[in-house]
Amino acid sequence: MGTSMLVDVTPSVEHGRSRNVKYHKAIALVPVYNGAETIGKTIHSLMAQTYPFEYVRVIANNCTDDTVEIVQMLQAYYQSIGRPELELLVMAKNKGKKSGALNYGLATVEDDIEFVFGMDDDTIVDERMIEEGIIQFLEEPQTGGICSAYRTLPLPEGVSHWKKFLWRIQNIEFTLANAWRVENYKSARVLPGVSVLFRMEALLDVAALGVIIDHLEQEWLAMYPRKPINKRWHRRIKRRAICELREAKRQKVSLRDRMLAGKIAKVWATNNLVEDYRLTLDLKDIGWQVKSSLDMISWSDVPLKLRGKAGLWDQRQRWYSGTIDELRLRRLKRHSRYEIFTIFLLMLNLVMRFVLVSAYAILAIKGVPIRWVSLYLALPVMASLTSLYRLKGGDQLDKWQIFFTGTLVVTELYAFYRELIYAYSICVSFFKPNREW
Amino acid sequence: MAQHPPITSVATTSGIGTGALGIYLHGSWEVNSAVAVLSVILMTFGLFRLFRGKFVLAQARKRRDKPD
């Protein structure tokens, strides 16, 4: 499907499943914070799905712009054409930010809902997205969450060359990330909150886990009122809670009741900068599989400036430092040790870049003749060809992006920039705790 | 949405960097060549994983698209 069609997406009255898929109740939760400019297109793309939602619930989270009015207007429009499924929840004093809004939305979900779709307010989804996700869920009963392939929203007309450049390198990054998802088809490393479809049962498990942890923590505090729960004890409590949860599942205890005992679902963490990463690891810990699907496609906004609020540095630093926070909390456990290993590799790569430059500079200064071993020359050639192959099938690729990827210079410089942010984020995680988004 | 690069993409820089360090410390091009071989093997492994992923996903798609 062409991107231009998605950007100019128009509400469709004629909707229905394009394949013979048995109907299962699915809903969408869209937390929005001051998204007046983007929420319209997001809602239209959800209402145009080939697999209709029971309802699309927009949660206006502390909005101070015209978001609420726009959603109400769209609600009236859809009702006038016989589509009453668009709903609006308004949260005026939500302290939990996006996670708080999602938890609030989830707590209002009816008992018979089987699938929950969560997405950002600046994202547009392909019209077949939910259909593809549900087909995959029906085939894989052990899968608890499926994320989509991510693409960048097209650039608006008349932007500067610098913004075009930033957009191009991020489009290359997104395309390469989709190729990595193909490589790691057995398990997704993270289910990004941008657009992801969950099995309700899996979310209920996470909610039940939260309730059990709360209960165990209260027990602890009752036993040792003067001893605060440190990270070590929190890890132990969580381990015990996972065992209890698995036992409850074996005995088929109603998890929905346990979740409701906590009054509000605590599925998305409110004390973490990357709530989606924690949820992914929690799902894996409980025993659910998490997958990505290239047949589910979404287009997302990307930052078009380097510094400042919502700039590229700011966004990546939040992602990376939140990831490090979470991994530090979990230590070397089953689903975190490989992640820690990849961060070690990333830092090794950063060091090696400096070693590479300085070693050859010294060799040149000393006058050591450089012998161009053919195998050595083959390295960058192979790296270039590999990257170009990974780019195949990407979206909105132009000659500049192919040139950047083929010559490696720009893409390697961008990789170096991200590694620097990662190194900085590690320091931030250790020396600046209790950061806020 | 924190994405980490796969091991194979780290192979190139690390391979070349370690090789350069080898030449500097030992004055031996053999060290460099050995590391280059390792990097090429890792990159080939990455491509194999990509091909395998594409094949498995294509098979799954074919199975899903088959009429009942």
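This is a predicted model: local features need pLDDT of at least 70, side-chain atom pairs count only at pLDDT 80 or more; totals for chains, interfaces and linings use all residues.

Visitor: What makes up chain A in terms of helices and strands, and what share of its residues is buried?

Guide: Chain A has 15 helices and eight strands. Of its 437 residues, 55% are buried, where buried means under 20% relative accessible area. Among contacts between residues at least 6 apart in sequence, 83% join residues at least 24 apart.

Visitor: Why is helix α2 of chain A described as largely enclosed by the rest of the structure?

Guide: Helix α2, residues 39-47 of chain A, is described in this way because eight of its nine residues are buried. Those buried residues are A:Ile39, A:Gly40, A:Thr42, A:Ile43, A:His44, A:Ser45, A:Leu46 and A:Met47. The elements that cover them include the strands β1 (26-32), β2 (55-61), β3, β4 (115-119) and β5 (123-125), together with helix α3 (67-80), of chain A.

Visitor: Why is A:Leu88 called buried?

Guide: The relative accessible area of A:Leu88 is 19%, and the cut-off is under 20%; A:Leu88 is therefore classed as buried. This residue lies in strand β3 (residues 86-91) of chain A. Leaving aside neighbours within four places in sequence, A:Leu88 is in contact with A:Val58, A:Ala60, A:Val68, A:Val71, A:Gln72 and A:Gln75.

Visitor: Why does A:Asp395 count as buried, and what does its side chain contact?

Guide: A:Asp395 counts as buried because its relative accessibility is 12%, and the class takes values under 20%. A:Asp395 is found in the loop between α13 (374-391) and α14 (399-407) of chain A. Its side chain makes polar contacts with the side chain of A:Trp299, at 3.0 Å, and with the side chain of A:Gln396, at 2.9 Å.

Visitor: What makes those two pairs polar contacts?

Guide: A polar contact requires N or O atoms within 3.5 Å. The pair with A:Trp299 stands at 3.0 Å and the pair with A:Gln396 at 2.9 Å. Residues adjacent in sequence count only if both atoms are side-chain atoms, and the contact with A:Gln396 is from side chain to side chain.

Visitor: What sets A:Lys97 and A:Ala310 apart in their phi values?

Guide: Most residues other than glycine have a negative phi. Phi of A:Lys97, however, is near 55 degrees, a positive value in a residue other than glycine. Phi of A:Ala310 is near 65 degrees, again a positive value in a residue other than glycine.

Visitor: Which residues touch the most other members of the largest nonpolar core?

Guide: In that core of 45 residues, A:Leu106 and A:Leu283 touch the most other members. Helix α7 of chain A supplies the largest share of this core, 12 residues. A second, separate core has 32 residues, including A:Leu74, A:Phe117, A:Ile134 and A:Ile135. As for A:Leu283, the residues touched include A:Leu191, A:Phe198 and A:Trp288, not counting residues up to four places away in sequence.

Visitor: What makes up the lining of the second largest pocket?

Guide: The lining has 50 residues, of which A:His234, A:Asn271, A:Arg278, A:Glu326 and A:Leu329 lie nearest the centre of the pocket. These 50 residues divide into 14 nonpolar, 13 polar and 23 charged. The largest share, eight residues, comes from α8 of chain A. The volume of this pocket is about 1500 Å³.

Technical notes: Residues are numbered from 1 along each chain as its sequence is written. Chains are lettered from A and ligands numbered from 1 in the order in which they are written. Side-chain values use heavy atoms; hydrogens and water are left out. On a 1 Å grid over the protein atoms alone, a cavity is a set of points where a 1.4 Å probe fits but cannot get out, and a pocket is an open set with protein on both sides within 12 Å along at least five of seven lines; lining residues have an atom within 4 Å of a point. Grid points are joined across faces, edges and corners, and a volume is the space filled by probe spheres set on the points. Helices (H or I, at least four residues) and strands (E, at least two) are DSSP runs, numbered from the N terminus. Ala, Val, Leu, Ile, Met, Phe, Trp, Tyr, Cys and Pro count as nonpolar, Asp, Glu, Lys and Arg as charged, and the others, Gly among them, as polar. A nonpolar core is a set of buried Ala, Val, Leu, Ile, Met, Phe, Trp, Tyr and Cys residues joined through side-chain atoms within 4.5 Å. Buried means under 20% relative accessible area, exposed over 50%, partly exposed in between (1.4 Å probe, protein chains only). Contact means heavy atoms within 4.5 Å. A polar contact is a pair of N or O atoms within 3.5 Å; within protein, one must be able to donate a hydrogen and the other to accept it, and residues adjacent in sequence count only if both atoms are side-chain atoms.
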